[in-house]
Amino acid sequence: MRHPGYEYSATEKRVGFIILLCLALVAGGVFLRQFSFNPAVLLPRNVEPGKSAGAKASQRPAWLPAELAEFGAPESFTPDNLYDKIDGKAELYLAAGFVRLNCQRFALKDTPEQWLEWFVYDMGTVPQAFSVFTTQRRPDGQPLDLTEYAYKTRNALYFVSGSNYVEAVASTTDEPLMNALLAMARGFVAANTSGPAHLAQLQLFPAENLEPGSYALQTADVFGFDRFKNVFTAQYKAGEAGLLAFVMPCPDARTASALRDAYRAFLIENGGKPTEAQGEASADQERAVS
């Protein structure tokens, strides 16, 4: 504290002036900065059709019908970050051999509030794509003439195209959007299917009393038995009874017999009771399962 009548020296006056000058420069910089625009701090609330939310516009897919436009940036996910997109279901895809997910939103050009989301899961092989297709099958699905393994619901399509499992989900059930969705699916199949997706293992199941659309492929620890891998199943209706048939391809008859005996022992150990089989398998079926 300075006493009354104290006179500041020339040095103190100079220091005080410099401090005041620095404060004035800082205040001026802050004032001017508020008028500077930095686009990095602004995020788009909505994406217009035909424009990408990413830093660079994506290339329009060749199989995209004319009435649809991109409604967001394409996204891609690997086994390392699939949980970021489908947390809660990722393990199912990973167990089946998941390779990559590519997904994007599209909208009708004339009515952008009508949009869909397109998911392409590269599963590596046709059987692995078929596996998730059957495991994820919706109970209200209706057969769809698109690929050998395809169905639709009121607002979505699900199908296998080569090694890809595809889900396409629309925001509404309006006819224009659903027609565009189907056209998009047909274009994708034409551009991306390298060959037939037929699975010969399904021919091993008898056609009589087979429940339509009940085929499935389970990849690991099937029926709780850790030696069962890549097991094809089908459901049958025999009177009022429901039956489940299954086939697991084996390299030879000895391996098949040993696996059969091990599974029988597993069932008995867990409370099962032996019964006499009714009927006999044909020679072709015996050879097929072995």
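Reply: Thr125 caps the N-terminal end of helix α4. One of its side-chain oxygens lies 3.2 Å from the backbone nitrogen of Gln128. That is a polar contact: a pair of N or O atoms within 3.5 Å, where, within protein, one must be able to donate a hydrogen and the other to accept it, and residues adjacent in sequence count only if both atoms are side-chain atoms. This is a predicted model, in which local features need pLDDT of at least 70 and side-chain atom pairs count only at pLDDT 80 or more, while totals for chains, interfaces and linings use all residues. Residues are numbered from 1 along each chain as its sequence is written, and side-chain values use heavy atoms, with hydrogens and water left out.

Now the helix itself. α4 covers residues 126-135. Helices here are DSSP runs of H or I with at least four residues, strands are runs of E with at least two, and both are numbered from the N terminus. Ala129, Phe130, Ser131, Val132, Phe133 and Thr134 are buried in α4. Buried means under 20% relative accessible area, exposed over 50%, and partly exposed in between, with a 1.4 Å probe and protein chains only.

What covers these buried residues? The cover includes helix α3 (90-95). It also includes strands β6 (150-153), β7 (156-161), β8 (164-170), β9 (216-220) and β10 (229-238).

Next comes the loop between α4 and β5 (142-143), where Gln136 lies. Gln136 is buried too, because its relative accessible area is 11%. Leaving aside residues up to four places away in sequence, Gln136 touches Lys89, Leu92, Tyr93, Tyr151, Tyr165 and Glu167. Touching means contact: heavy atoms within 4.5 Å.

Follow the chain on into the strands. β5 and β6 pair in the antiparallel sense over two bridges. Two strands count as paired if DSSP finds at least two bridges between them. Gln142 stands opposite Lys152 in β6. A hairpin of six residues links β5 to β6.

Then β6 meets β7. These two strands run antiparallel and are joined by four bridges. Thr153 has Ala156 in β7 as its bridge partner. The hairpin of β6 and β7 has two residues between the strands. Both strands were named above: β6 and β7 are among the elements that cover the buried residues of α4.
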